[in-house]
Amino acid sequence: MRGTLSLYQRTSQLLFRGRRRATNETYTLIPSISYCTNIDNNTIDGLQSPRVKIFDREFKRKQRDRAAWLMRPGDPFVDAVADNLLDRLEDCKKTFPTALCLGGSLEAVRRLLRGRGSIEKLIMMDTSNDMVKLCKDAEAAQQDSNQNIETSFVVGDEEFLPIKESSVDLVISCLGLHWTNDLPGAMIQCKLALKSDGLFLAAILGGETLKELRIACTVAQMEREGGISPRISPLAQVRDAGNLLTRAGFTLPGVDVDEYVVRYSSALELIEHLRTMGETNALLQRNNVLKRETALATAAIYDSMFAAEDGTIPATFQVIFMTGWKEHPSQQKAKRRGSATISFDDLQKQFSSDS
Amino acid sequence: MGLSSKPLLKLAGEGISKTLSEILVCPVSKQPLRYCKETTSLVSDSIAVSFPIKEGIPCLVPRDGKF
């Protein structure tokens, strides 16, 4: 009896302490029930707000504005990825009269299109005003085969796609979707925007990206500051990409991976390149202070751990290419379960009698 | 979602191109937008928010909308 009483007292005390802690601390971590898109309510139109915010979208917008000012046209890495993505359009017999091009390397996609996919109307969308303006100016200056494409420009957020459902034949996103907080939600909205038998094509950076920098940053921070903070964003793994496509409801999903190794003369140049691509850190929980000492230590560690014989340093970029189609009766699919009319035993008998 | 085939933007024309007026909807509610001539903006009546058009580029980021 006494035992139970003390147990009761202890519990009540614990409860009390818990309550007090909650009121005292301003920054309490509230555990969320699920770490992925909310399926239960209002998924019907794919318009759920993400519960977990990982990236600072507003900050990413500013970074992309700055990237628009810094950008040099004809970045070899971006062009290689955009070209690879657009090559996929040549593999399909279908034509895509209306196309929507989302964030990331917009300008490269526009420039390298060269009549692929016989696009007639192209809508270009980005979260950054300046990036869209840059594309508009580039389009006005350009005198080439892309002249016959009617291009329109919109500033919009991939997480809140302002496109009417079943209105475009193709959605292209080149190196942009890895900055969305709610990737499944964004992909569901893309699927809704697509017409029946429309194609979704996306290139995102995968988990192996910048592994050298990740290591160098961690080592330098441990050494100089005695702890680490996230400097490089979490990225999707290859195995996740397939799941994402099926989850968004795309049929005939396809995923493939390409690794690009870019060589720089120093780590500072790598950071400069990331900045011109608008791919710098935009985590919500980022550390806003980067000490000069730590930055230089990172560069030194990067150099000593990964430098090649000729003094250049490699940086790996893993790009995941995703393709998916919106369902259409003409697409091939597996037969309904239990709809078979011939038994496997009969098949075996058939083959054994033949031989 | 029961969107009818009627034109999404009434009175669209000089503000944005025809292609855009045919496919743009409110980013939050996915309902039709209305073009407002006086303020050169796109108005989403369903959530009572207007989105600006800057230099012919409609800006449909939810954060840029004005009540």
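Q: How many salt bridges does the rule find across the interface of chain A and chain B?
A: This is a predicted model, so let's take the charged pairs with the cut-off in hand: a Lys or Arg side-chain nitrogen within 4 Å of a carboxyl oxygen of Asp or Glu. Across the interface of chain A and chain B, the number of salt bridges found by that rule is three.

Q: Which residue of chain B forms a salt bridge with A:Lys133?
A: The limit for such a pair is 4 Å between nitrogen and carboxyl oxygen. For A:Lys133 the closest N and O atoms are 3.6 Å apart, and the partner is B:Glu55.

Q: How many residues of the side of chain A that touches chain B are charged?
A: Chain A brings 27 residues to the contact, and chain B brings 25 residues. On the chain A side, 11 are nonpolar and six are polar, while the number of charged residues is 10.

Q: What is the area buried between chain A and chain B?
A: The size of an interface is often given as the accessible area lost when the parts come together. Here carbon and sulfur atoms give 63% of that area, and the total is about 2300 Å².

Q: Which element gives the largest share of the lining of the largest pocket?
A: The largest pocket holds about 860 Å³ of space. Among its 35 lining residues, those closest to the centre are A:Ile271, A:Arg275, A:Thr280, A:Asn281 and A:Leu290. Two or more lining residues come from each of H2, helix H7 (211-225), helix H9 (267-277) and helix H10 (292-306) of chain A. The largest share, six residues, comes from H9(A).

Q: How many residues of the lining of the largest pocket are nonpolar?
A: The lining also includes 11 polar and six charged residues. The nonpolar count is 18.

Q: Where does A:Ser166 lie, given its positive phi of about 50°?
A: A:Ser166 is not a glycine, yet its phi is positive, at about 50°. Its place in chain A is the loop between S3 and strand S4 (168-174).

Terms used. Residues numbered from 1 in each chain as written. Chains lettered and ligands numbered in written order. Predicted model: local features only at pLDDT ≥ 70, side-chain atom pairs only at ≥ 80, totals over all residues. Heavy atoms only, no water. Contact = heavy atoms within 4.5 Å. Buried area = accessible area lost by both parts, 1.4 Å probe. Nonpolar A, V, L, I, M, F, W, Y, C, P; charged D, E, K, R; others polar. 1 Å grid on protein atoms, 1.4 Å probe; cavity = no way out; pocket = protein on both sides within 12 Å on 5 of 7 lines; lining within 4 Å. Points joined across faces, edges and corners; volume = space filled by probe spheres on them. Helix = DSSP H or I, 4+ residues; strand = E, 2+ residues; numbered from the N terminus.
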